[in-house]
Amino acid sequence: MENPLLLFPQLNISASKDKSYYKVSKSAVMEEPNKASKAGAKQKRNRLSLLLQRSEYHESEHLGKPGNLSKASSVSPEEAVIWGESFDKLLSQKAGLDAFTKFLKTEFSEENIEFWIACEDYKKSKTTHELFPKAKTIYETFIRKDAPKEVNLDFQTKEVTSQNIEQPLITTFDAAQNTVYRLMEQDCYPRFLRSDTYLNLVKGRNPGRPTLRRRSRSFTVNDFQGVRPDFTAW
């Protein structure tokens, strides 16, 4: 009997081709998951890197703002004692002004110090062209009836200030600013000196404020345990 391979040589060739195709197909199938796995891992690394950069950016941005936790904790007891000597010394120091502003926010009366700061900025105007828009903004924000941050002024002071708005001068808000200054000095300032916020600074303590730490790159839950929110900033 003759060899079947000689009679049907195409069968052997076909089988050989099938085996080669199977090997190539199998190799391709094995390579595809590897490529997908490597691409997925690379994409995850890129996303994690971007997340870390954003996290660190916002954290550093927060640390750079006036009145943040690190700045408050850097106030020395000696510096805090100076704030207690006079209201003027408190406002003349940036850290003192910031601490007093935060205190007023807890009493929902921050419009007083904001008005005083706006008046100080207004008096630094170098040209008459700067006065009118600034004067209008201050009047609309703090002086006019039912203003969003209306300060407590007597009738006469409010009337005089309202009339001076038509032709604003450097001294336009002097009377109103002095009135608000005296109000804060006689009422708010003594309460600030009796507050826990100020007394703790004098004693060199800063309780109730969490230590701001850089997040771990693993983002574990332990990084956030034991951190208490600071409601004084609201």
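In this predicted model, helix α8 comprises the 16 residues 128-143, which at 1.5 Å a residue should span 22 Å, and the distance of 21 Å between its end C-alpha atoms agrees with that expectation. The buried residues of α8 are Leu131, Ala135, Ile138, Tyr139, Phe142 and Ile143. Because these residues cover an arc of only 100 degrees around the axis, they lie on the same side of α8. An α-helix has 3.6 residues a turn, so residues three or four places apart point the same way. The packing partners of the buried residues of α8 are the helices α7 (111-122), α9 (155-164) and α10 (174-194).

Within helix α9 lies Asn164, which counts as partly exposed because its relative accessibility is 31%. Although Asn164 and Ala135 are 29 residues apart in sequence, their C-alpha atoms are 9.5 Å apart in space.

Turning to the aromatic side chains, the count of aromatic pairs comes to 8. Phe87 counts as buried at 1% relative accessibility, as does Phe100 at 0%. Phe87 also forms a tilted pair with Tyr189, at 5.1 Å centre to centre and 50 degrees between the planes, and this pair connects helix α5 with helix α10 across 102 residues. Tyr189 is buried, with a relative accessible area of 8%. Ring pairs join Phe87, Phe100 and Tyr189 into a cluster that also includes Phe103, Tyr181, Phe192 and Tyr198.

Terms used:
Residues are numbered from 1 along each chain as its sequence is written. This is a predicted model: local features need pLDDT of at least 70, side-chain atom pairs count only at pLDDT 80 or more; totals for chains, interfaces and linings use all residues. Side-chain values use heavy atoms; hydrogens and water are left out. Helices (H or I, at least four residues) and strands (E, at least two) are DSSP runs, numbered from the N terminus. The expected span of a helix is 1.5 Å times one less than its number of residues. Buried means under 20% relative accessible area, exposed over 50%, partly exposed in between (1.4 Å probe, protein chains only). The arc is that of the directions from the helix axis to the C-beta atoms. Contact means heavy atoms within 4.5 Å. Rings of Phe, Tyr and Trp (its six-membered ring) pair if their centres lie within 6.5 Å; planes under 30 degrees apart count as stacked, over 60 as edge-to-face and the rest as tilted.
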